[in-house]
Amino acid sequence: MISNCVLWIFILLLTAVGDSRQDCILPPHPSHGRHVPYDLDCPKGSQTAECQGVPGTSVHEGWTLFIKCDIGYKAHNNASDIPIVCSGGDWSPPLSSCVDIEQQRHGTCELPSPPTYGSYKTLAVECGLNNTTLTPAVGSLVPLACVLVYNCDSGFTLTQPDDQSLTICYNSAWQPPPHTFSCSDNTLPPTEPSTSKPVSPGCALPPGPTTRKYCPFRCKGCGSLP
């Protein structure tokens with residue numbers, strides 16, 4: 001009996017040592033905002049401390065938070081769209097802050113609408129997206145030097161006057177402008193410039209003499225005119 005108890009204790013110790021999962025502590029809420037749990041972690045109407053977001057509450061591995069900012073404020077680097085996950089006792093990525101929208105607009109660019117039959121990818125490092133592959137929503141603000149790489153759906157070809165496939169946020173504006181990117185249908189024949197000569201509108205007849213009339217060139221029967 002004693003040996004069995006010792007064996008069970010040994011197994012429990014091995015399980016505890018081998019379990020690398022660590023709980024996380026809910027951080028303080030950001031100024032002008034709050035962090036909220038993922039809907040699947042907290043049933044609607046749950047009043048538990050972790051579901052109410054009480055700072056200092058312990059939550060299990062995999063617990064997920066999102067940033068919600070007050071009106072007039074926005075998560076720094078558009079982090080409101082990025083899940084913050086408890087992993088190994090830490091929050092990844094770190095909790096973001098809420099900044100004034102008007103102040104954030106200086107030195108940033110607004111993500112444009114993608115072209116019809118096309119899309120673009122944001123380069124995570126250049127756009128300050130904490131190495132996530134998620135593309136923020138249209139209208140989100142991204143920092144200077146953010147790069148967008150355009151591409152088109154299958155059957156369409158990207159066209160741009162300078163044959164560019166990317167644009168960069170420079171001096172709070174996209175260079176080249178997003179509206180210059182479009183996707184052309186490959187099934188349509190290419191448009192060729194017209195080689196036909198334009199039809200001359202002709203010349204206006206000048207005022208005629210007061211005592212005589214003039215007739216058109218090669219006009220027959222002009223001899224009968226006075």
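The torsion about the S-S bond of Cys 109 and Cys 169 is about 85°, so this disulfide is right-handed. The model is a predicted one, in which local features require a pLDDT of at least 70 and side-chain atom pairs count only at pLDDT 80 or more, whereas totals for chains, interfaces and linings use all residues. Residues are numbered from 1 along each chain as its sequence is written, and side-chain values use heavy atoms, with hydrogens and water left out. The sulfur atoms of Cys 109 and Cys 169 lie 2.1 Å apart, a disulfide being defined as a pair of cysteine sulfur atoms within 2.5 Å. Cys 109 belongs to strand E9 and Cys 169 to strand E14 (residues 166-170), so the bond ties together parts that are 60 residues apart in sequence. Strands (E, at least two residues) and helices (H or I, at least four) are DSSP runs numbered from the N terminus. Both Cys 109 and Cys 169 are buried; buried denotes under 20% relative accessible area, exposed over 50%, and partly exposed the range in between, with a 1.4 Å probe and protein chains only.

A search of the whole structure finds six disulfides. Among them is the bond between Cys 24 and Cys 86, with sulfur atoms 2.1 Å apart. Its S-S torsion is about 90°, so this disulfide is right-handed. Cys 24 is located in strand E1 (residues 24-25) and Cys 86 in strand E6 (residues 84-87), so parts 62 residues apart in sequence are tied together. Cys 24 counts as buried at 1% relative accessibility, and Cys 86 counts as buried at 1%.

Another of the disulfides joins Cys 69 and Cys 98, whose sulfur atoms are 2.1 Å apart. Here the torsion about the S-S bond is about -80°, so the disulfide is left-handed. Cys 69 lies in strand E4 (residues 64-69) and Cys 98 in strand E8 (residues 98-100), so the pair ties together parts that are 29 residues apart in sequence. Cys 69 is partly exposed, with a relative accessible area of 22%, whereas Cys 98 is buried, with a value of 8%.

The protein chain contains two helices and 16 strands. Strands of a sheet pair through backbone hydrogen bonds, either parallel or antiparallel. Two strands are taken as paired if DSSP finds at least two bridges between them. Four strands form an open sheet in the order E2-E4-E6-E7, with antiparallel pairing. Strand E2 (33-37) and strand E7 (90-92) stand at the edges, each with a single partner strand, so one side of each is left without a neighbour in the sheet. Neighbouring strands of this sheet are turned by 35° against each other on average, direction ignored; the axes are lines fitted to C-alpha atoms, for helices over the stretch in contact, and angles run from 0 to 180 degrees between N-to-C directions. E6 and E7 pair in the antiparallel sense over three bridges, and Ser 87 stands opposite Asp 90 in E7.

A further open sheet is formed by four strands in the order E10-E12-E14-E15, with antiparallel pairing. Its edge strands are E10 and strand E15 (173-175), each of which pairs on one side only. The twist averages 30° from one strand to the next. E10 and strand E12 (residues 147-152) pair in the antiparallel sense over five bridges, and Gly 118 is positioned opposite Cys 152 in E12.

Aromatic pairs were identified for rings of Phe, Tyr and Trp (its six-membered ring) with centres within 6.5 Å; planes under 30 degrees apart count as stacked, over 60 as edge-to-face and the rest as tilted. By this rule the count comes to four aromatic pairs. One of them, between Tyr 117 and Phe 156, is stacked, at 4.4 Å centre to centre and with 10° between the planes. This pair links distant parts of the chain, 39 residues apart: Tyr 117 is in the loop between strand E9 (108-110) and strand E10 (118-122), and Phe 156 is in strand E13 (residues 156-159). Tyr 117 is partly exposed, with a relative accessible area of 47%. Ring pairs also link Tyr 120, Tyr 150 and Phe 181 into a cluster.

Of the 226 residues of the protein chain, 27% count as buried. Residues 24 or more positions apart account for 63% of the contacts (heavy atoms within 4.5 Å) with a separation of 6 or more.
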